[in-house]
Amino acid sequence: MHPPRWRAPVVLVLLAVWLAGLSSACSGRGITRQYEYEEEIFLRTDGSADIVINASLPALVALRGLDLEVDPSARFDRATLRRAYEAAGLDVKRISRPWRRKGRRFAQVRLEVPDVRKLPETLPFAWATYTFDERNGVILYRQTLGKPAAVDPLPEAGWDGSELVSFRMHVPSKIQYHNAPSKQVERGNILTWEQPFKERLAGVPLALEVRMETESILAKTLTVFGIAVAAAMALLAGLIWWVVRRGRARPVVAAREREGSGV
């Protein structure tokens with residue numbers, strides 16, 4: 001009795017998925033990569049940005065000096081977390097519901113900033129300096145992280161030394177240079193810098209640098225799309241003109257043929 005024909009393709013698909021997962025794990029970037037503090041910057045070519053922070057509440061206290069309740073049994077107050085960022089003059093778009101991991105509560109904060117160069121003036125980002133400079137058609141972005149807030153590292157948080165922090169950059173235009181440790185650009189023009197959480201607590205410097213073109217990928221895409229549409233419209237107009245002209249020419253040709261035949 002022969003096995004059903006669908007078994008071989010299914011087995012191959014499952015094998016491919018398993019190998020992909022194994023490769024990802026071996027490269028150090030597992031599918032379930034988790035961070036104690038994760039900062040994502042969606043940069044724009046004018047220097048403005050959307051920033052998304054996913055972090056444990058103890059990490060926000062220890063690293064950024066925010067006044068938050070870290071007791072996991074206490075009631076989570078999103079308004080308090082919002083005020084901690086709004087008090088620094090930041091435009092808070094959303095505070096997520098909390099989630100738990102290893103006995104600690106995590107939350108997501110979404111921000112919108114008009115100029116990344118002014119971020120050091122705010123408490124949540126005072127540990128870094130930001131450069132956003134345009135020269136000769138190239139934008140230089142540099143973010144250098146120094147010491148965190150001088151706050152007790154909260155031993156009651158239960159950190160075991162294996163935690164990581166991540167800084168991820170969503171670059172808006174073609175990248176000319178970057179110093180991300182992986183040397184790779186992830187899907188969607190994404191760059192990632194990682195650091196052990198204990199090093200971030202100790203203030204070990206971390207420098208992020210990207211050089212990019214001044215025209216965004218979206219603008220280029222829209223330009224190419226516009227040219228393609230214009231070319232298609234021109235071709236369509238040419239075809240319509242040719243058909244109309246040919247239709248008008250037919251009666252004239254027919255009349256001349258009748259005259260030539262003496263009809």
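R135 forms a salt bridge with D133 in this predicted model, with the closest N and O atoms 2.8 Å apart. A salt bridge is here a side-chain nitrogen of Lys or Arg within 4 Å of a carboxyl oxygen of Asp or Glu. R135 is exposed, with a relative accessible area of 60%. D133 is partly exposed, at 27% relative accessibility. Exposed stands for over 50% relative accessible area, buried for under 20%, and partly exposed for values in between (1.4 Å probe, protein chains only). By the salt-bridge rule the count comes to 12.

Residues are numbered from 1 along each chain as its sequence is written, and side-chain values use heavy atoms, with hydrogens and water left out. As the model is predicted, local features need pLDDT of at least 70 and side-chain atom pairs count only at pLDDT 80 or more, whereas totals for chains, interfaces and linings use all residues.

A further salt bridge joins R117 to D115, with the closest N and O atoms 3.0 Å apart. R117 is partly exposed, with a relative accessible area of 42%. D115 is buried, at 17%.

R104 and E163 also form a salt bridge, and their closest N and O atoms are 3.8 Å apart. E163 lies in the loop between strand 7 and strand 8 (164-170) and R104 in strand 5, so the pair ties together parts that are 59 residues apart in sequence. Both partners are buried: R104 has a relative accessible area of 3%, and E163 one of 8%. E36 joins R104 and E163 in a network of salt bridges. The side chains of R104 and E36 also make a polar contact at 2.7 Å. A polar contact is a pair of N or O atoms within 3.5 Å; within protein, one must be able to donate a hydrogen and the other to accept it, and residues adjacent in sequence count only if both atoms are side-chain atoms. Leaving aside residues up to four places away in sequence, R104 touches E36, S56, P58, W99, A157, G158, W159 and E163. Contact here means heavy atoms within 4.5 Å.

Helices (H or I, at least four residues) and strands (E, at least two) are DSSP runs, numbered from the N terminus. Two strands pair if DSSP finds at least two bridges between them. Strand 2 (residues 49-56) pairs with strand 5 in the antiparallel sense over 8 bridges. Here V52 stands opposite R110. Strand 3 (residues 91-95) is also antiparallel to strand 5, over 4 bridges. D91 has E112 as its bridge partner. Strand 4 (residues 99-101) pairs with strand 5 over 3 bridges, again antiparallel. W99 stands opposite F106. The hairpin of strand 4 and strand 5 has 2 residues between the strands, and K102 takes a positive phi near 55 degrees in this hairpin.

An open sheet of 4 strands has the order 6-7-11-9, with antiparallel pairing. Its edge strands are strand 6 (128-135) and strand 9 (173-178), each pairing on one side only. Neighbouring strands of this sheet are turned by 20 degrees against each other on average, direction ignored. Axes are lines fitted to C-alpha atoms, for helices over the stretch in contact, and angles run from 0 to 180 degrees between N-to-C directions. Strand 7 (residues 138-145) and strand 11 (residues 206-216) run antiparallel and are joined by 8 bridges. L140 has R211 in strand 11 as its bridge partner.
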